[in-house]
Amino acid sequence: MALLYGLLWRLLLLLVHVNRALVAWLRVRLRSWKGRLWERAMAGLLLPVALAGFPDHHKKLDQNPDATPVPGSRAAGRRSRWLSDGRALDKLPVHIGLLVTEEEPSYPDTASLVVWCMAVGISYVSVYDNHGAFRKNNSRLLEEIVRQQQDLLGADASKCSVEFLSGADERQHHVVSCSPSVKVLSPEDGKQSIVQAAQQLCRSVENKERSSKDISVSMLDVLLRESKNVPDPELVVKFGPVDSTLGFLPWHIRLTEFISLPSHRNVSYEDLLGVLQRFGSCQQRLGH
């Protein structure tokens, strides 16, 4: 009797295992069937949409069978978009300063910022760092700006020329875009220029070319502007964690709006556009 019970128990276990295997197999088949049914349903829904655009595509090919994507179309699209963004702003600075307070400047990122500023219609761009790295390596920055122009604007980069200024007497010209001026500044252009202008006035008094009564703020202002020959910056974008202007043109920034960004590295066009939009919305209330 015990042997019979043992056989029945094993038979029941076998039936349970068979039942589990059958249920698992049915589940897999059911999922596969549902997946195929879903794929067929989606194909049935999307096929009319695909066919609806197919005749137009062939029509375009029939009209111009040799038509291929134009390599410069993307660059032209960028250029058109950036110009449109510049026109859409409430106000656009004529002169913008890029103040890099970080220890190691990135030439590609700085060049991209310069190109974007010029592309939206800004006429003067000043690039400044407290260590004078851009001034010492101005040719490297110029080369990077030209390369970025070609990469970002394509054929549009050869339409106009830009004056690249890197000091009082040094000028370089290169074919880039839309005749803006790029000025590379260092601390020598800040407080040092004020000292030099003051010394010039003192020498003129000493040589009796001027009277001490002729010395005024307006005269000093004229001397300082003769060396710069650019309008005062309406906007300065400061990059980095340092909360200081670090000597950026102290005479010329009394009415300048300062806006900070965390870093100039990996900066995007959208970051710059956001700054320009903030500048466009700010109101300056000047006293008398």
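How many residues does helix α6 have, and how far does α6 reach from its first C-alpha to its last? I looked it up: α6 (residues 191–206) has 16 residues and reaches 23 Å, close to the 22 Å expected at 1.5 Å a residue. The expected span is 1.5 Å times one less than the number of residues. Helices here are DSSP runs of H or I with at least four residues, strands are E runs of at least two, and both are numbered from the N terminus.

Ground rules: this is a predicted model, where local features need pLDDT of at least 70, side-chain atom pairs count only at pLDDT 80 or more, and totals for chains, interfaces and linings use all residues. Residues are numbered from 1 along each chain as its sequence is written, and side-chain values use heavy atoms, with hydrogens and water left out.

Next I checked burial in α6. Ser193, Ala197, Leu201 and Ser204 are buried (under 20% relative accessible area, with exposed over 50% and partly exposed in between; 1.4 Å probe, protein chains only). They cover an arc of only 80 degrees around the axis, so they sit on the same side of α6; the arc is taken from the directions from the helix axis to the C-beta atoms. The face turned away from that buried side carries exposed Lys191, Cys202 and Glu206. Just after α6, I found Lys208 with a positive phi of about 60 degrees.

Last, the whole protein chain. I noted eight helices and seven strands. Of its 288 residues, 36% count as buried.
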